[in-house]
Amino acid sequence: MLQEKIEQLVLNVTKPARYTGGEFGSVIKDKSKVDVRFAFCFPDVYDVGMSHLGMKILYSLKNARENFWCERVFAPWPDFEKVMRENDIPLYGLESFEPIKDFDFIGFTLQYELSYTNVLNMLDLSGVPVLAKDRHELSPIVIAGGPCVCNPEPLADFIDIFVLGEGEELNLELMDLYLEMKKLKASKEEFLTAASKIEGVYVPSFYDVLYNDDGTIKSVTPSHGAPAVIKKRIIKDMDKVFYPKDFVVPFTETVHDRAVVEVLRGCIRGCRFCQAGFIYRPFREKSSETIFEEAKALCESTGYEEVSLSSLSTSDHSDISTMLNTLIDYTENEKVNLSLPSLRIDNFSEELLEKIKKVRKSGLTFAPEAGTQRMRNVINKNVDEEEIMSACKIAFEGGYTTVKLYFMLGLPTETDEDIVGIAETAERIVNLFYSMPNRPRGKHIQISISVATFVPKPFTPFEFEPQDTVSEIERKQHLLLSSIKSRKNISVSWHKVNVSILEAALAKGDRRIGDVIYKAWKKGCIFDSWDEFYNFSKWQESFSDSSLTMEFYANRKLRYDEVFPWDHLDYLVSKEFFIKENKKAKMSETTPNCRLECSACGVSKKTGGACFGG
Amino acid sequence: MEDNRIHVRAIFSKKGRAKFISHLDLLRCIQRSMKRAKLPVWYTQGFNPRVYLMFPLALSLGLSSSYEVMDFSVTENIPFEEIKERFNNALPEGLRIEKITAPIKKHTEIAYAEYVLTFPDVSENSGIKEKLYEFLSLPIINVEKFSKKKGNITTDIKNDIADYRIFESDGNVNLYIKLSAGTERNIGINTVTDAFKKAYGIEFFDLSIERTKILCENNEDFI
């Protein structure tokens, strides 16, 4: 039996609990009573995948259906992968310990581009052909969803179906259709043809892509009666949408090991670099009562000692005071920690801070993203320096002495002045701290600046923009470092530059990149998001082996009238809006948030209603 | 504070897949199970209140046990039988409360732990019985031990093996062994198996180890 074999071997690898299942809340079913089996694959290690909220939602949703069984699958860490390959252990579901190649669906969630080689590796470990065209049977159908699916073209060769947008309804519709057609002994092609009629379903093999001589796309033509444009799915009512009443509670520590309640979807802010801010529109929130009920139910069923609120911007909830009041009362009483990420600084009031102060927290995190007001206007991060300073002042008075600041380097129109501005912002916070007579006594201020390299992403006003070259980013990093005077109080950290260029190339890539990913994987690239495994030179070789360059995808300015690889996908926000926003960015003009004024991004027109539910 | 809490000792087993739960993970798992069971457990009274939970003798990752001990306190007078039932309903597969009792012995009274090792009847394990007899009859059994203070030290564990018996069941070879345990002198079973493997240059195939008892100096159960 596979399970016995695994249990014998697993003590020789790190964190065996990643591979042995049996966690509280994991769903075991009698397979003779199950019609459709789904392997939910997260293309990263257990500790990362088990922290992902989307997986928890869809796992519970599918398992709530008596005749469906959804199991969890993660990428084995390389030490266990070696054991698996040496002992002929195929990739298995953590619930049944059965090979996922025998399941009906193998579904991946694509959260970041650097997980793509793990998708290929997991298919290969399953014993399933990696290329979609080599899989002829009805099952397993390989599907993928998640934010990266807004430009899934680099994975078009490997995936049978991409599911666009929110999955709560779409997944069940797809599984129902599959069951119906399996009973009729349909072929894979018959199933895919029928599936392509469901809104939100994108069958890449039904689209023929032609290229111009300059490497840009000439046309994308559908066949099999598939729609010319595929529209993403959204859930209308957040108070009625399925939300799990229990989670699988892992034994081994994971990145986020706590109860999580989703507060709202979408974002009203419109920061021009932020893909999430556009692809998850429209803005929809759960009521404070729903949030409270869901938090309580989850805390009780899981026994977690911490609960967090999840959203792109929790403080934009229209009823945040009620929400925090009820949650803080409940969690204090139950000795549960309430963790609050994603608080925007521009509505960080004294009143709110008082409430948050009641909740244990070690530090403060702000994301000004840019060092000068001009630059912040370009990216539409509508925060001014005064607001940052007043938020810090309140925080210092409240006893905080550590501040974490997030910035980006390489933003469109960025000058050296903007980079020096990052250092100056941090210096001003240091000065503010020491100028305050009522600052925490006997303590020093510690500011950590975390700098990310700007990666232009599809479905943002900056999708047209080139990324800075590696050498330019390195120059800017040195400039920033040399601009910092208070070395004792300010520390700077950043990601490897040559990771960001690959991220950009994969994010904006077309179908030809599929061959590059395949070659990189064959050369041994896996876990690319982990520094210890990332191998830039192998990726460079793979690009040149395919007669492509990373620079074409990452460092080229795209024309407004160009056909983009993702143009046949409709994420509700119009390309005209992105062009308009791009032009405004160049003139340092800001756009108000959606609550202040509708800027006609196209979402409300397409969903046939106002974004705020009335 | 001391007066309004009731000290409780739980004897529990950790079997099957639960043997893959490390000690640190077990602590978290137990705390969450207590919360799910809505047990009125006592929290430490500091700035950062935590569930009061004590394990007198940690169990290494990969070992099963039919006799583990943990101490905690409750703030309400509820029958031990009810604690046991509610706790068991909230525990994951493989963990089971066998008994809830008032603590009788002190942690410092722990003197021995007993283990049963099972070497399955497979060709890779042939001759294991003879090797075990030979190994355990040696006049001196030196092992490498790592100590935080002294670094790697060599120590003779012959006197720490208080008792042993080699027997067969269902064609498998079994070793019952009783080792020093507790605050005075603590010898983990892995120390013995590692020394055995090293002495003969062998690897075991699918060895399973179960802790079966924790005992005091006078051979009474630690309870």
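1. B:N219 is placed in the segment after strand 10 (208–216) of chain B; helices (H or I, at least four residues) and strands (E, at least two) are DSSP runs, numbered from the N terminus. B:N219 is not a glycine, yet its phi is positive, about 65°. The residue counts as exposed because 12 other C-beta atoms lie within 10 Å. The cut-offs are 20 or more other C-beta atoms within 10 Å for buried, 12 or fewer for exposed, and partly exposed in between, with C-beta atoms placed from the backbone.

2. The model is predicted: local features need pLDDT of at least 70, side-chain atom pairs count only at pLDDT 80 or more, and totals for chains, interfaces and linings use all residues. Residues are numbered from 1 along each chain as its sequence is written, while chains are lettered from A and ligands numbered from 1 in the order in which they are written.

3. On confidence, the predictor gives an ipTM of 0.90 and a pTM of 0.94 for the complex. The mean pLDDT of chain B is 93, and 99% of its residues score at least 70; pLDDT is the predictor's confidence in each residue, from 0 to 100.

4. B:R96 belongs to strand 4 of chain B. It is classed as partly exposed because it has 17 C-beta neighbours inside 10 Å. Leaving out residues up to four places away in sequence, B:R96 touches B:F12, B:S13, B:N88 and B:L91; contact means C-beta atoms, placed from the backbone, within 7 Å. Between B:R96 and B:E68, 28 residues apart along the chain, the C-alpha separation is 9.9 Å.

5. Chain B has domain 1 (2–103) and domain 2 (108–216); domain bounds come from an automatic or database domain assignment. The C-alpha centres of these two domains of chain B are 28 Å apart. Contact between them involves ten residues of domain 1 of chain B and 13 residues of domain 2 of chain B. The domain 1 side of this contact in chain B has six nonpolar, four polar and no charged residues. Here Ala, Val, Leu, Ile, Met, Phe, Trp, Tyr, Cys and Pro count as nonpolar, Asp, Glu, Lys and Arg as charged, and the others, Gly among them, as polar.

6. Chain A contains 21 helices and 19 strands, and its C-alpha trace spans about 75 × 65 × 55 Å along the principal axes. Of the 614 residues of chain A, 48% are buried. Of the chain A contacts with a separation of 6 or more, 77% join residues 24 or more positions apart.

7. The assignment for chain A gives domain 1 (2–231) and domain 2 (258–359 + 573–614). Their C-alpha centres lie 29 Å apart. Four residues of domain 1 of chain A contact seven residues of domain 2 of chain A, and the domain 1 side divides into three nonpolar, one polar and no charged.

8. The largest nonpolar core holds 174 residues, of which A:F38, A:I159 and A:I161 touch the most other members. Such a core is a set of buried Ala, Val, Leu, Ile, Met, Phe, Trp, Tyr and Cys residues joined through C-beta atoms within 7 Å. At least three residues of this core come from each of domain 1 and domain 2 of chain A. A second, separate core of 50 residues includes B:L39, B:V173, B:L179 and B:F196.

9. The contact between the chains takes 19 residues from chain A and 17 residues from chain B. The chain B side divides into six nonpolar, four polar and seven charged residues.

10. Some backbone geometry in chain A should be noted. The peptide bond from A:S139 to A:P140 is cis, with omega near -5°, and A:P140 is in the loop between helix 5 (116–126) and strand 4 (141–145) of chain A. The bond from A:R281 to A:P282 is also cis, with omega near 0°. A:T413, a residue other than glycine, has a positive phi near 70°. Most residues other than glycine have a negative phi, and most peptide bonds are trans.

Definitions and conventions. Contact = placed C-beta atoms within 7 Å.
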